[in-house]
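Welcome, and please load the model in your viewer. This tour goes from stop to stop, telling you what to select next and what you will find there.

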Amino acid sequence: MNIKIIKTLGDGHRYMKTWPMVRQLGFYFPEYRVVRATQLAILVMPVLAILVSISQIYIHGWAFLPQAATLGLFFVSLPLQGLLWLGWRARHPLPLSLFDWSNQLSAKLSSMGINCQNLGAKACYLDMALILKIAFERLDSSYWEEL
């Protein structure tokens, strides 16, 4: 495997663990749904791959071993596709509107005495996820209802 793909998978896993799983964010960002689907796929798809492969061999015989292996690999690849998308998204640069909003949120956290840094010029979605995670842990729910 290419080193870049492995790094992207690692970034996706880190982004999945960092992203705050709060339903309010699901209205604005697709990450909530993708993280939920990827977490479910990591648990379910290996078992489903084994069941599908075994059932293909049981029903059609050993002559269908290549097709059974292909179906098994397809089901195993689904969680990897979610991690790849999350890794790509984690390193994707923020648009200016999200960049400004994240800096405002960071400034609000800093004014409350919470250690939080402003985003730099090369800010990405992973940086925003770190700020959002701190914000959802520390800010009260009235702030999020205003959104």
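Which side chain meets Asp 11 in a salt bridge with 2.4 Å from N to O? Select Asp 11 and Arg 14: their side chains form that pair. A salt bridge here is a side-chain nitrogen of Lys or Arg within 4 Å of a carboxyl oxygen of Asp or Glu.

Before moving on, note that this is a predicted model, in which local features need pLDDT of at least 70 and side-chain atom pairs count only at pLDDT 80 or more, while totals for chains, interfaces and linings use all residues. Residues are numbered from 1 along each chain as its sequence is written, and side-chain values use heavy atoms, with hydrogens and water left out.

**Stop 1: around Asp 11**

Both Asp 11 and Arg 14 sit in helix α1, 3 residues apart, about one turn of the helix. Helices (H or I, at least four residues) and strands (E, at least two) are DSSP runs, numbered from the N terminus. Asp 11 is buried at 3% relative accessibility, whereas Arg 14 is partly exposed at 41%. Buried means under 20% relative accessible area, exposed over 50%, and partly exposed in between (1.4 Å probe, protein chains only).

**Stop 2: Glu 31 and Arg 89**

Select Glu 31 in helix α2 and Arg 89 in helix α3, which are 58 residues apart. They form a salt bridge whose closest N and O atoms are 2.6 Å apart, and both residues are buried. Next, show Lys 7 with Asp 11, Arg 14 and Arg 91: salt bridges that share partners join these four into one network.

**Stop 3: the annotated spans**

Colour residues 40-59 and 65-88, which the unreviewed UniProt entry annotates as "transmembrane region". Positions follow the numbering used here, feature names are shortened, and annotations may be inferred rather than shown by experiment. Residues 40-59 are 100% helix, with end C-alpha atoms 28 Å apart. Residues 65-88 are also 100% helix, and their end C-alpha atoms are 34 Å apart.

Then pick Phe 64, in the loop between α2 and α3. Phe 64 is partly exposed, with a relative accessible area of 32%.

**Stop 4: two domains**

Colour domain 1 (1-91) and domain 2 (93-146) separately; these bounds come from an automatic or database domain assignment. Their C-alpha centres lie 29 Å apart. Between them they bury about 1,200 Å², 76% of it on carbon and sulfur atoms; buried area is the accessible area (1.4 Å probe) that two parts lose on being put together, summed over both. In domain 1, Thr 18, Phe 29 and Arg 91 lose the most area to domain 2, together 38% of what that side buries. How many salt bridges are counted between domain 1 and domain 2? The count is 0.

**Stop 5: the core**

Finish with Tyr 15, Trp 19, Leu 94, Met 128 and Leu 132, the residues with the most contacts inside the largest nonpolar core, which has 32 residues. Such a core is a set of buried Ala, Val, Leu, Ile, Met, Phe, Trp, Tyr and Cys residues joined through side-chain atoms within 4.5 Å. Domain 1 and domain 2 both give residues to this core, so it lies between them.
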